[in-house]
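This report describes a two-part picture: how the chains meet, and how selected elements are held within each chain. Please keep the sequence and the coordinates in view while reading.

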Amino acid sequence: MSDVNERIEAELKANPVVLYMKGTPVFPQCGFSARVVQILSHVGVPFKGVNVLEDMEIREGIKAYTNWPTIPQLYVQGEFVGGCDIVMEMFQSGELQAMLKEKGLPTTEQA
Amino acid sequence: MSDRATRIRTALDAQFQPLRLEVVDDSHMHAGHAGARPEGETHYSVLLVSPSFSGMSRVNRSRAVHAALAAEFANGLHALALTLRAPEELG
């Protein structure tokens, strides 16, 4: 296994909710990343943002890791959930909130 | 319509026998930011309704579209907003 995959797996193991994004949760540098940050913040689940713009190896590595060509990418308990479109659809239908709850992750939103 | 939009449309038409297919070039909305190129043709939205998506998860639907457009991703396509539906999901 390559080093970058090991780094990604360590990150996903250490944090139940990880968003690979452009920019930081406080200062997203892409509209799609910003939208996912907004949704996660609204739902109230704590998450770790990883800024791929600061790390070329991760930026390319995360695309290969999960066979997904674009950023942002959301992972929950190590599993790839989706990019901006999928997270948005799951939020709008309530599936995202239900999935987080089912996995025992804290949210502030009442189901 | 831009050349890439035409190629995206052709590739998706061939792969998914869509009941509905819309390809929109959003590149002008992203001009000047990372991933944008001066010549444009980097950011697209696609709405695709196809029987192929019946019984497929969201992630797998997107993966099927990404695979059909692999040549475009290898060639400067930077962002693709996807709305993918099976016919029975239309309200």
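Which residues does A:Asn51 touch, not counting residues up to four places away in sequence?

## The surroundings of A:Asn51

The model is a predicted one, and in it A:Asn51 touches A:Met21, A:Lys22, A:Gly23 and A:Thr24, when residues up to four places away in sequence are left out of the count. A:Asn51 belongs to strand S2 of chain A, and with a relative accessibility of 12% A:Asn51 counts as buried, because the limit for a buried residue is under 20% relative accessible area. With A:Gly23, a polar atom of the A:Asn51 side chain lies 2.9 Å from the backbone nitrogen.

## Helix H3 of chain A

Helix H3 of chain A covers residues 56-66, and its buried residues are A:Ile58, A:Arg59, A:Gly61, A:Ile62 and A:Thr66. These buried residues pack against helix H1 (3-14), strand S1 (17-21), strand S2 (48-51), S3 and S4 of chain A, and also against helix H2 (58-68) of chain B. At the start of the helix, a side-chain oxygen of A:Asp55 comes to within 3.2 Å of the backbone nitrogen of A:Glu57, while just after the helix A:Asn67 adopts a positive phi of about 55°.

In one of them, the side chains of A:Arg7 and A:Glu57 meet at 2.5 Å, N to O; A:Arg7 lies in helix H1 of chain A and A:Glu57 in helix H3 of chain A, so the pair ties together parts that are 50 residues apart in sequence. A:Arg7 is partly exposed, with a relative accessible area of 38%, and A:Glu57, at 39% relative accessibility, counts as partly exposed as well. In the other, A:Glu60 pairs with A:Lys63, and the closest N and O atoms are 3.8 Å apart. Both A:Glu60 and A:Lys63 lie in helix H3 of chain A, three residues apart, which is about one turn of the helix. An α-helix has 3.6 residues a turn, so residues three or four places apart point the same way. A:Glu60 has a relative accessible area of 44% and is partly exposed, and A:Lys63 counts as partly exposed at 22% relative accessibility.

## The hairpin of S3 and S4 in chain A

Strand S3 of chain A, residues 73-76, runs antiparallel to S4 of chain A, and three bridges join the two strands. Within this pairing, A:Leu74 has A:Gly82 of S4 as its bridge partner. The hairpin has two residues between the strands, and A:Gln77 takes a positive phi near 45° in this hairpin.

## The contact between chain A and chain B

The size of an interface is often given as the accessible area lost when the parts come together. Here chain A and chain B bury about 1300 Å² between them, with 56% of that area on carbon and sulfur atoms. The contact draws 16 residues from chain A and 15 residues from chain B, and seven residue pairs are in polar contact between the chains, both residues of each pair being at pLDDT 80 or more. On the side of chain A that touches chain B, helix H3 (56-66), strand S4 (79-82) and helix H4 (84-93) each supply at least two residues, and the largest share, five residues, comes from H4 of chain A. By type, the residues on this side of chain A divide into seven nonpolar, four polar and five charged.

Three salt bridges are counted between chain A and chain B. One salt bridge joins the side chains of B:Arg58 and A:Glu95 at 2.9 Å, N to O, and both of these residues take part, together with A:Glu89 and B:Arg85, in a network of salt bridges.

## A salt bridge within chain B

Over all chains, a search of the whole structure finds eleven salt bridges. One pair within chain B consists of B:Glu72 and B:Arg4, whose side chains meet in a salt bridge at 2.8 Å, N to O. B:Glu72 lies in helix H3 (residues 70-73) of chain B and B:Arg4 in helix H1 (residues 3-16) of chain B, so this pair ties together parts that are 68 residues apart in sequence. Both B:Glu72 and B:Arg4 are buried.

Terms used
Residues numbered from 1 in each chain as written. Chains lettered and ligands numbered in written order. Predicted model: local features only at pLDDT ≥ 70, side-chain atom pairs only at ≥ 80, totals over all residues. Heavy atoms only, no water. Contact = heavy atoms within 4.5 Å. Buried area = accessible area lost by both parts, 1.4 Å probe. Salt bridge = Lys/Arg side-chain N within 4 Å of Asp/Glu carboxyl O. Polar contact = N/O pair within 3.5 Å; in protein donor to acceptor, adjacent residues only side chain to side chain. Helix = DSSP H or I, 4+ residues; strand = E, 2+ residues; numbered from the N terminus. Nonpolar A, V, L, I, M, F, W, Y, C, P; charged D, E, K, R; others polar. Pairing = 2+ DSSP bridges. Buried < 20%, exposed > 50% of the residue type's maximum accessible area, 1.4 Å probe, protein only.
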